[in-house]
Amino acid sequence: MKTVMISEMSWTEFRDLMATNDLVVIPAGSIEQHGPHNPLGTDMLIALETAKAIGQKAQAPVAPVMPIGNARNLIGFPGTATLDPELLRQVMVQLCEAYIRHGAKRFLFINGHGGNASTLKNVAADLYARHGAISTQTEWWLTLPKISEFPCNDHGGKYETSMVMAIDEGLVDMSKARTVPRKNLSPAVAFANGLEFRGVKLAMNVPLDRISPLGNYGAPAEEADAKMGRKMFDTYVDYCVGLAEELRKIVL
Ligand SMILES: [Zn+2]
């Protein structure tokens, strides 16, 4: 394959590929603030670049990245964009349906943004109910803590910034990387990695600028490191390649 990116293939190349392959990798991102030191496209870039590497190793085609996600709680930060979750669901379903029409039966969503997670679960349910297609999603910050030494307990902090540096160090301005204390919502509703009350996570979608004035939080951004990011990147990609291979073994 000269490329795994569907955007770089001709229609005849895609047609011929789908004669022997029924798996498509779908990167889903977001354009949103990640602190003053990271690009707004952090989630989009991580989803796209990991998906590209996964597609190459698994020899699976990769869809164009969905650049905008559901980032309503970050809209207070300039440059952030957001899509209504229902609209995002429809766009993702229709994107996958275009590939189903031409032979796809399995989808691996490489999700770069937590706000997309529940929408993608609904997309997967729709694709199965309507077409019998199977799909699943992975998120690097949930996967790596299970399979590596990286806790990934931040937004635009040590770990996420390292992932961006692994992709392109020139996109990160470490001179602006700072970590400031988070504000509590009430004396006992505090923000760890999400809002919590007595150590139990709360579903409470409060604008992040009320809690984190710089936008990044969690493990200190000042400790980000490109070498660590490359290890995180490769570990996650290897896991997803294994998952892609396993998805192909599921009898439909
Ligand atoms: Zn992010």
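Asn-38 counts as buried, because its relative accessibility is 8% and the cut-off for buried is under 20%. This is a predicted model. Asn-38 sits in the loop that runs between strand 1 (23–28) and helix 2 (42–58). One of the residues in contact with Asn-38 is Val-164, whose place is in helix 6 (residues 158–167).

**The whole chain**

- Seven helices and eight strands make up the secondary structure counted in the protein chain.
- The radius of gyration of the protein chain is 18 Å, close to the 18 Å given by the globule rule for 252 residues, so the chain is as compact as a globular protein of that length.
- Taken along the principal axes, the box filled by the C-alpha atoms of the protein chain is roughly 55 × 35 × 30 Å.
- Of contacts between residues at least 6 apart in sequence, 74% join residues at least 24 apart.

**Burial, surface and charge**

- Buried residues account for 52% of the 252 residues in the protein chain.
- The protein chain exposes about 11,700 Å², and 55% of that area is supplied by carbon and sulfur atoms.
- There are 25 positive and 27 negative side chains in the protein chain.
- The centres of the positive set and the negative set lie 4 Å apart.

**Around Asn-38**

- The side chain of Asn-38 makes a polar contact of 3.1 Å with the side chain of His-37.
- A polar contact of 2.9 Å joins the side chain of Asn-38 to the side chain of Thr-161.
- Thr-161 is also listed among the residues in contact with Asn-38 once neighbours within four places in sequence are left aside, and the others are Gly-156, Val-164, Leu-171 and Val-172.

**Around Val-164**

- Val-164 is buried because its relative accessible area is 2%, and buried means under 20%.
- Not counting residues up to four places away in sequence, Val-164 touches Asn-38, Pro-39, Thr-42, Ile-46, Glu-169, Leu-171 and Val-172.
- Leu-171 and Val-172 are in contact with Asn-38, and Leu-171 and Val-172 also touch Val-164.
- Val-164 and Trp-11 are 153 residues apart along the chain, and their C-alpha atoms are separated by 32 Å.

Methods:
Residues numbered from 1 in each chain as written. Predicted model: local features only at pLDDT ≥ 70, side-chain atom pairs only at ≥ 80, totals over all residues. Heavy atoms only, no water. Helix = DSSP H or I, 4+ residues; strand = E, 2+ residues; numbered from the N terminus. Rg over C-alpha atoms; globule rule 2.2 N^0.38 Å. Buried < 20%, exposed > 50% of the residue type's maximum accessible area, 1.4 Å probe, protein only. Contact = heavy atoms within 4.5 Å. Areas by Shrake-Rupley, 256 points an atom, 1.4 Å probe, with all protein chains shown as cover. Lys, Arg positive; Asp, Glu negative; His and termini not counted. Charge placed at Lys NZ, Arg CZ, Asp CG, Glu CD. Polar contact = N/O pair within 3.5 Å; in protein donor to acceptor, adjacent residues only side chain to side chain.
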